[in-house]
Amino acid sequence: MPICLGLFISGSGQIPPSIYTTQGPVVGTVPVVGSTVTRQARRLYVGNIPFGCSEDEMMDFFNAQMHLCGFSQAQGNPILACQINLDKNFAFLEFRSIDETTQAMAFDGINFKGQSLKIRRPHDYQPVPGMSEIPNSAVPGVISTVVQDSPNKVFIGGLPNFLNEDQVKDFLLSFGQLKAFNLVKDTATGLSKGYAFCEYVDTVSTDQAIQGLNGMQLSDKRLIVQRASVGAKNVQTNVPVQVQVPGLQVAQGPGPATEILCLMNMVVPEELMDEEEYEDILEDIREECSKYGTVKSVEIPRPIEGVDVPGCGKVFVEFSSIIDCQKAQQSLTGRKFANRVVVTSYFDPDRYHRRDFGMSVC
């Protein structure tokens, strides 16, 4: 029986096929450190680490995450070593292969002991010739936290501060799969600054999101959604964002409350086609809204083949009083309905009774 050789790393930094003995394939559990030629390509910088954490804790945490996310490409632990600089609050992780190192870039922003970690390549990193770089966004199901500057980088301003990352992401995902997303936060408090950046996998989703979201009422604010390059000069790090959009008058607040509430991003036209499903949705919405006051009527414009139906996909709820409507608006904004984050706005009663739902923004 030949001696088990362990898991060797090829000169390219990739994991080779299993080593075979006379008894079959053998994969060692203690990998041998790869070539020094690939060392920098197999290392990652980890910033903002928690005070007092040990090297073993860091290795255990990231090895577990690699296995949980399916990034580990062989048996055993992908991370070979960890070096922590306590004075400057950062660490370096060394992986057994370049591919696994690149996959781990997707952990940028991951929470470890209450700290949001920064994952970066070392300053002296140089891609190994012949090895292709796999960006964070290429990992299925993983949304990068680094939104690169590009013509399709989207700026989202006017976000209520109470919305967290998951809520904002869920809202944006209504228009397509996200490639990258970053909600900008105050470094001192950790609270949202009210704006974010994103990029979609499909560029078609970019235009759809801008058209569907720009100017939309969200709680007591209106969203400003546009390509980041349009207002890049107006965005500064430590001051409120004021982006000038030609032709758009941005309202300062929701305006006077009415007894009519418009609910957006709650249903999609496809769900309203089937009569039975439509009735179920209508009943669910009426029941939920009744928790906040007396509901007089509910209107959900439905799609008609070959006809551009005004307000299709929006929900309009008439309450018996403005106070009841305000209670519902405050409670339903940011809530989830069918895994979509609900957006609300007050609506003009005269237009509601005329069934004049033809508008781009409620």
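1. Start with glutamate 57: in this predicted model, it is partly exposed, with a relative accessible area of 32%. Its side chain meets that of lysine 113 in a salt bridge, 2.8 Å from N to O. The two sit in distant parts of the chain, 56 residues apart, with glutamate 57 in helix α1 and lysine 113 in the loop between β6 and β7.

2. The whole structure has 13 salt bridges, and Arg39, Arg42 and Glu94 are worth a look, as they are linked in a network. Arginine 39 pairs with glutamate 94, their closest N and O atoms being 3.4 Å apart.

3. Arginine 39, at 31%, counts as partly exposed.

4. Next, have a look at strand β17, residues 315-319. Five of its five residues are buried, so the strand is largely enclosed by the rest of the structure. Val315, Val317 and Phe319 point one way, while Phe316 and Glu318 point the other way.

5. β17 has antiparallel neighbours. Four bridges join it to β15, where cysteine 262 is the bridge partner of phenylalanine 316. Four bridges also join β16 to β17, and valine 298 stands opposite valine 317.

6. Finally, the surface carries a patch of negative charge, whose members include Asp274, Glu276, Glu277 and Asp280. Glutamate 276 lies in helix α6 and counts as exposed at 59% relative accessibility.

Definitions and conventions: Residues are numbered from 1 along each chain as its sequence is written. This is a predicted model: local features need pLDDT of at least 70, side-chain atom pairs count only at pLDDT 80 or more; totals for chains, interfaces and linings use all residues. Side-chain values use heavy atoms; hydrogens and water are left out. Buried means under 20% relative accessible area, exposed over 50%, partly exposed in between (1.4 Å probe, protein chains only). Two strands pair if DSSP finds at least two bridges between them. Patches are made of residues with over 30% relative accessible area and no salt bridge: like charges are joined within 9 Å, nonpolar side chains (Val, Leu, Ile, Met, Phe, Trp, Tyr) within 5 Å. Accessible areas come from the Shrake-Rupley method with a 1.4 Å probe; for residues, only the protein chains shown count as cover. A salt bridge is a side-chain nitrogen of Lys or Arg within 4 Å of a carboxyl oxygen of Asp or Glu. Lys and Arg count as positive and Asp and Glu as negative; His and the chain ends are not counted. The place of a charge is taken as NZ of Lys, CZ of Arg, CG of Asp or CD of Glu.
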